[in-house]
Amino acid sequence: MPRVVGPPEAQLKAIVEKSGAAWAMLWSEFGGKLSVTGHYIAPERVAALKEKRRDDDNFPKRCCSLSIEVGSGAAGRVYANKSEEFFQDVQTLDSSKFLRLDQSKEFGIKSMACVYFQGGVLEYG
């Protein structure tokens, strides 16, 4: 079990609405690895992806199946350093710096922020 329980969906929804983001998720650490313990996607984003892709898949949902080493990738670095990172366009990064490059391209993810938050990493974009 992760050490951090994800924030309520209402809190992630408020973060999305306040920031103007399309989605938010919380990465939590357990055993040296990070996994998603909560996420929220704006209804407009869900509808747009469903129309474009003809399925219910999305970036946060795809990330829920991942496990990232502390110190690796954006979320891992932010967690290890208790810091924050912002990327204007993750699609221009090297896959060694952004481990989910393929998923970001598939779902049209561009700008994204990662912030140390409540003992985990809040990621939104």
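A salt bridge here is a side-chain nitrogen of Lys or Arg within 4 Å of a carboxyl oxygen of Asp or Glu. By that rule, R53 and D55 qualify, with their side chains meeting at 3.0 Å, N to O. The model is predicted. It holds 10 salt bridges.

**Salt bridges and their network**

- R53 and D55 form a salt bridge at 3.0 Å, N to O. R53 is partly exposed, with a relative accessible area of 22%. D55 is also partly exposed, at 27%.
- D57 pairs with R62 in another salt bridge, and their closest N and O atoms lie 2.4 Å apart. D57 has a relative accessibility of 18% and counts as buried, because buried means under 20%. R62, at 25%, counts as partly exposed.
- Through shared partners, salt bridges link R53, D55, D57, R62 and E106 into one network.
- R77 and E85 also form a salt bridge, with 2.8 Å between the closest N and O atoms. Both R77 and E85 are buried.

**Strand 1 and S28**

- S28 sits in strand 1, which spans residues 23-30. Its relative accessibility is 0%, so S28 counts as buried.
- What joins the side chains of S28 and T37? A polar contact of 2.7 Å does.
- Strand 1 pairs with strand 6 in the antiparallel sense, over 4 bridges. Within this pairing, L26 has L122 of strand 6 as its bridge partner.
- In a regular strand, side chains alternate between the two faces of the sheet.

**Strand 6 and its other neighbour**

- Strand 5, residues 112-117, runs antiparallel to strand 6, and 5 bridges join the two. A113 stands opposite Y124 of strand 6.
- Strand 6 thus has strand 1 as an antiparallel partner and strand 5 as another, because two strands pair if DSSP finds at least two bridges between them.
- Strand 5 and strand 6 form a hairpin with 2 residues between the strands.

- Q118 lies in the loop between strand 5 and strand 6. Within that hairpin, Q118 takes a positive phi near 50 degrees. Q118 is not a glycine.
- How accessible is Q118, and which class does that give? Q118 has a relative accessible area of 45% and is partly exposed, because exposed requires over 50%.
- K82 also has a positive phi, near 50 degrees, and is a residue other than glycine. K82 lies in the loop between helix 4 (73-81) and strand 4 (84-87).
- K82 has a relative accessible area of 57% and is exposed, because that value is over 50%.

Methods
Residues are numbered from 1 along each chain as its sequence is written. This is a predicted model: local features need pLDDT of at least 70, side-chain atom pairs count only at pLDDT 80 or more; totals for chains, interfaces and linings use all residues. Side-chain values use heavy atoms; hydrogens and water are left out. Buried means under 20% relative accessible area, exposed over 50%, partly exposed in between (1.4 Å probe, protein chains only). A polar contact is a pair of N or O atoms within 3.5 Å; within protein, one must be able to donate a hydrogen and the other to accept it, and residues adjacent in sequence count only if both atoms are side-chain atoms.
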